[in-house]
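Here are my notes for your first look at this one. Have the chain open beside you and take the points in order.

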Amino acid sequence: MIKKKKKSTLSLIDKAVEIQHNVKSHWLGPDYANSCGNDIKKTNISDIRVCFRNETLIEELHLILKSLQTLPNFKNLNINFLLDKLSSKIITTGNDYKLKKA
């Protein structure tokens, strides 16, 4: 019973994130999270603020990845969601992930 509840909760969260992305893509355009795709008339958020948010998100995701690496069962974890977000921002050396210097 508990596993089913956790699985359905995760599915619900995944669905909510997908819906949120679809709504934002519809109203703000497909590149809404990218400063190049930012339309200040639609978002009322400056390009520098979008860049700051993206940099902060990447740093926080990297911190999560680094903390997961300290777990004894790290090799058994599914971290694809993190690697998808960080793929162009990290350098992998063996089992170590480091942020690229800007």
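1. A word on ground rules. This is a predicted model, where local features need pLDDT of at least 70 and side-chain atom pairs count only at pLDDT 80 or more, while totals for chains, interfaces and linings use all residues. Residues are numbered from 1 along each chain as its sequence is written, and side-chain values use heavy atoms, with hydrogens and water left out.

2. Next, confidence. The mean pLDDT (the predictor's confidence in each residue, from 0 to 100) is 75 for the protein, and 75% of its residues reach 70 or more. Helix α3 (residues 47-69) has the highest mean, 86, and α1 the lowest, 66. Over residues 1-6 pLDDT stays under 50, and the model gives them zero contacts beyond four places in sequence; contact means heavy atoms within 4.5 Å. Where pLDDT is low, the predicted coordinates should not be read in detail.

3. Some totals for the protein. Of its 102 residues, 17% are buried, meaning under 20% relative accessible area, with exposed over 50% and partly exposed in between (1.4 Å probe, protein chains only). The accessible surface comes to about 8600 Å², and carbon and sulfur atoms own 59% of that; such areas come from the Shrake-Rupley method with a 1.4 Å probe, and for residues only the protein chains shown count as cover. Among contacts between residues at least 6 apart in sequence, 27% join residues at least 24 apart.

4. Now look inside. The largest nonpolar core has 10 residues: I58, L61, L65, L68, F74, I79, L82, L86, I90 and Y97. Two or more of these residues come from each of α3 and α4 (80-86), with α3 giving the largest share, four residues. A nonpolar core here is a set of buried Ala, Val, Leu, Ile, Met, Phe, Trp, Tyr and Cys residues joined through side-chain atoms within 4.5 Å. Core member L68 is in contact with F74, L77, I79 and L82, leaving aside its neighbours within four places in sequence.

5. Is H62 buried or exposed? H62 counts as buried because its relative accessible area is 11%. This histidine lies in helix α3 and touches L86, I90, Y97, K98 and L99, not counting residues up to four places away in sequence. L63 is found in helix α3 too, but L63 is exposed, at 59%.

6. Towards the end of the chain, K100 sits in the segment after β2 (96-99). With a relative accessible area of 46%, K100 is partly exposed. K100 touches S88, K89, I90 and I91, again not counting residues up to four places away in sequence, and its C-alpha atom is 5.3 Å from that of I90.

7. W27 has its place in helix α1 (residues 2-28) and counts as exposed, at 59% relative accessibility. Together with I19 and V23, W27 makes a nonpolar surface patch of about 330 Å².

Conventions: Patch = residues over 30% accessible without salt bridge, like charges linked within 9 Å, V, L, I, M, F, W, Y side chains within 5 Å. Salt bridge = Lys/Arg side-chain N within 4 Å of Asp/Glu carboxyl O.
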